[in-house]
Amino acid sequence: MSGNRENGYYELVYNNQQYKYLEFIRLDTICEISYITLKNILTGEFFTFEENKVRKVTKRNFRIRPIKKHFLEKVAK
């Protein structure tokens, strides 16, 4: 999670709890312990995790479905 701010979000497991819809904010090292700060993109809540306790990090991409032409025609009428 090296500051990559593309379209998408992270999911991770920390202390046997799953967190979803997280955006990378920053990585800090304090007294030789690394911390990752992430923000929930839906609620705006910030989370800071000890890096060595984070398990199963997954990068997800947003899926934007194309709008069908017949739907747009109905809206335009």
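Some ground rules first. Residues are numbered from 1 along each chain as its sequence is written. Because this is a predicted model, local features need pLDDT of at least 70 and side-chain atom pairs count only at pLDDT 80 or more, while totals for chains, interfaces and linings use all residues; side-chain values use heavy atoms, leaving out hydrogens and water.

Let's begin with confidence. The predictor scores its confidence in each residue from 0 to 100, and that score is pLDDT. The chain has a mean of 82, with 70% of its residues at 70 or more. Strand β4 (residues 46–50) has the highest confidence, at 96, and helix α1 (residues 69–76) the lowest, at a mean of 58. These elements are DSSP runs numbered from the N terminus: H or I of at least four residues for helices, E of at least two for strands. Over residues 1–5 the pLDDT is below 50. Where pLDDT is low, the predicted coordinates should not be read in detail.

Now to the inside. A nonpolar core here is a set of buried Ala, Val, Leu, Ile, Met, Phe, Trp, Tyr and Cys residues joined through side-chain atoms within 4.5 Å. Buried means under 20% relative accessible area, exposed means over 50%, and partly exposed is in between (1.4 Å probe, protein chains only). The largest core has 11 residues, among them Tyr10, Leu22, Ile36 and Phe49. Strands β1, β2, β3 (33–40) and β4 each supply at least two of its residues. Take Phe49: its contacts (heavy atoms within 4.5 Å) include Leu12, Tyr19, Leu38 and Val54, leaving aside residues up to four places away in sequence.

How many salt bridges are there? The count is 3, where a salt bridge is a side-chain nitrogen of Lys or Arg within 4 Å of a carboxyl oxygen of Asp or Glu. In one of them, Arg60 pairs with Glu11, with the closest N and O atoms 3.2 Å apart. Arg60 lies in strand β5 (residues 54–60) and Glu11 in strand β1 (residues 9–14), so the pair ties together parts 49 residues apart in sequence. Glu11 is buried, because its relative accessible area is 10%, whereas Arg60 is partly exposed at 36%. Arg26 and Asp28 also meet, at 2.8 Å from N to O, and Lys53 pairs with Glu50 at 3.6 Å.

Finally, the surface: Tyr21, Ile41 and Leu42 form a nonpolar patch there. Tyr21 lies in strand β2 (residues 17–30) and counts as partly exposed, at 31% relative accessibility. Patches are made of residues with over 30% relative accessible area and no salt bridge, joining like charges within 9 Å and nonpolar side chains (Val, Leu, Ile, Met, Phe, Trp, Tyr) within 5 Å.

Notes. Areas by Shrake-Rupley, 256 points an atom, 1.4 Å probe, with all protein chains shown as cover.
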